[in-house]
Amino acid sequence: LRGGATREIPFAQPSSRTRVYAIASGKGGVGKSTVTVNLAAALAAKGLSVGVLDADIYGFSIPRMLGVTGNPTRVDDMILPPVARWEGSPAEVKVISVGMFVEGNTPVVWRGPMLHRALQQFLADVFWGDLDVLLLDLPPGTGDVAISVGQLIPSTEILVVTTPQQAAAEVAERAGAIALQTRQKVAGVVENMSGMTLPDGTVLDVFGSGGGEQVANSLTQLTGHEVPLLAQVPLDPALRVAGDTGRPLVLRPEAADSPAAQALNTVAG
Ligand code: ADP
């Protein structure tokens with residue numbers, strides 16, 4: 001990475017037709033990246049041109065979840081992002097991750113200003129092409145990155161991911177409330193790790209229930225515009241396996257009828 005971006009950010013231009021969504025969560029491990037990759041894959045499967053920018057410095061997991069092993073290449077002073085593709089599917093997704101710019105598994109200890117510059121460069125100097133949708137996977141919490149995104153691309157809409165748990169919902173609300181400061185629109189809430197269906201057909205609410213609705217309601221009040229609960233994605237081991245093996249659940253024909261895949265497809269709808 002260089003010292004600072006030299007170009008304008010194309011997505012910040014009034015003429016840009018790219019819709020930019022930042023996927024936010026209050027804390028880690030709630031499935032923010034899982035939602036991001038499945039949303040990206042579902043949109044790409046519909047024929048849209050999609051990019052994902054993994055800005056989660058604490059847990060960059062997007063490349064693995066999308067099955068991307070390649071690295072960005074440099075052409076003149078632009079960065080060409082690797083492209084995720086899957087056998088038997090026309091979907092393809094351009095991917096850039098903070099993880100592609102560190103050696104091995106080295107933890108990233110960037111501070112705010114450096115992170116801001118990195119984000120600026122990922123947005124300006126990466127050759128994204130003419131995207132329909134750009135998804136930004138933010139680090140968990142109400143941190144610097146969310147504010148940076150608001151400054152760099154004011155039209156970014158926020159998607160909040162939470163579990164059904166009360167405590168998680170409260171921190172997710174705070175993450176969504178950042179949007180008030182940066183005057184961004186909250187596009188909706190996705191509840192993940194909702195009830196798990198057991199082999200005998202009963203549903204077990206491992207992480208409680210109601211968190212998604214709670215976050216949607218309080219963000220509706222806080223922002224003054226309707227913030228919908230877009231989907232409730234059940235706990236499903238297939239979703240974890242899909243993430244671990246690099247082919248998102250929504251691109252797996254054998255899982256097409258599963259409630260988890262259907263819920264994730266709803267978010268893209
Ligand atoms: P975050 O990005 O919020 O840190 P991840 O998307 O990395 O969270 O998810 C954390 C772990 O939980 C991953 O191993 C992922 O595969 C798994 N996971 C996420 N959502 C579900 C779900 N609905 N059912 C089962 N496993 C899930």
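**View 1. Gly28 sits in the loop between β1 and α1.** The model shown is predicted; local features are described where pLDDT is at least 70 and side-chain atom pairs count only at pLDDT 80 or more, while totals for chains, interfaces and linings use all residues. Residues are numbered from 1 along each chain as its sequence is written. Helices (H or I, at least four residues) and strands (E, at least two) are DSSP runs, numbered from the N terminus. With 14 C-beta neighbours inside 10 Å, Gly28 counts as partly exposed. A residue is called buried if 20 or more other C-beta atoms lie within 10 Å of its own, exposed if 12 or fewer, and partly exposed in between, with C-beta atoms placed from the backbone. Not counting residues up to four places away in sequence, Gly28 touches Tyr58, Gly59 and Pro140; two residues are in contact if their C-beta atoms, placed from the backbone, lie within 7 Å. The unreviewed UniProt entry places the feature "binding site" at Gly26, Lys27, Gly28, Gly29, Val30, Gly31, Lys32 and Ser33. UniProt positions are given in the numbering used here, feature names are shortened, and annotations may be inferred rather than shown by experiment.

**View 2. Gly31 is in the loop between β1 and α1, and Met193 is in strand β9.** Gly31 is buried, with 22 other C-beta atoms within 10 Å. Leaving aside neighbours within four places in sequence, Gly31 is in contact with Val161, Asn192 and Met193. Met193 is also buried, with 26 other C-beta atoms within 10 Å. Most residues other than glycine have a negative phi. Phi of Met193 is near 65°, a positive value.

**View 3. The shell around the ligand has 20 residues.** Gly31, Lys32, Ser33, Thr34 and Gly243 come nearest to the ligand. The elements that give two or more residues to this shell are α1, β9 and α7 (237-245). α7 gives the most, with four residues. A residue is near a molecule or strand if its C-beta atom, placed from the backbone, lies within 6 Å of it. By class, the shell has seven nonpolar, ten polar and three charged residues. Here Ala, Val, Leu, Ile, Met, Phe, Trp, Tyr, Cys and Pro count as nonpolar, Asp, Glu, Lys and Arg as charged, and the others, Gly among them, as polar.

**View 4. Eight strands form an open sheet with mixed pairing.** The order of the strands is β5-β6-β2-β7-β1-β8-β9-β12. β5 (83-85) and β12 (229-234) stand at the edges with a single partner strand each, so one side of each is left without a neighbour in the sheet. From one strand to the next the twist averages 25°. Two strands pair if DSSP finds at least two bridges between them. β5 runs antiparallel to β6 (residues 92-97), joined by three bridges. Val83 has Lys94 in β6 as its bridge partner.

**View 5. Strand β7 pairs in the parallel sense with β1 and with β2.** Five bridges join β1 to β7, and Tyr21 has Leu135 in β7 as its bridge partner. β2 and β7 pair over five bridges, with Val50 opposite Val133 in β7. β7 is mostly covered, and four of its five residues are buried.

**View 6. Helices α1 and α6 lie across strands of the sheet.** Helix α1 (residues 32-45) lies across β1 (19-25), β2 (50-54), β6, β7 (133-137), β8 (157-162) and β9 (186-194), and runs at about 170° to β7. Helix α6 (residues 211-223) lies across β8, β9 and β12, and runs at about 165° to β9. Axes are lines fitted to C-alpha atoms, for helices over the stretch in contact, and angles run from 0 to 180 degrees between N-to-C directions.

**View 7. Asp76 is in the loop between β3 (73-75) and β4, and Met78 is in strand β4 (residues 78-80).** With 5 C-beta neighbours inside 10 Å, Asp76 counts as exposed. Phi of Asp76 is near 50°, a positive value in a residue other than glycine. Met78 is partly exposed, with 15 other C-beta atoms within 10 Å. Leaving aside neighbours within four places in sequence, Met78 is in contact with Asp125 and Phe127. Met78 and Phe127 are 49 residues apart in sequence and 6.2 Å apart in space, C-alpha to C-alpha.
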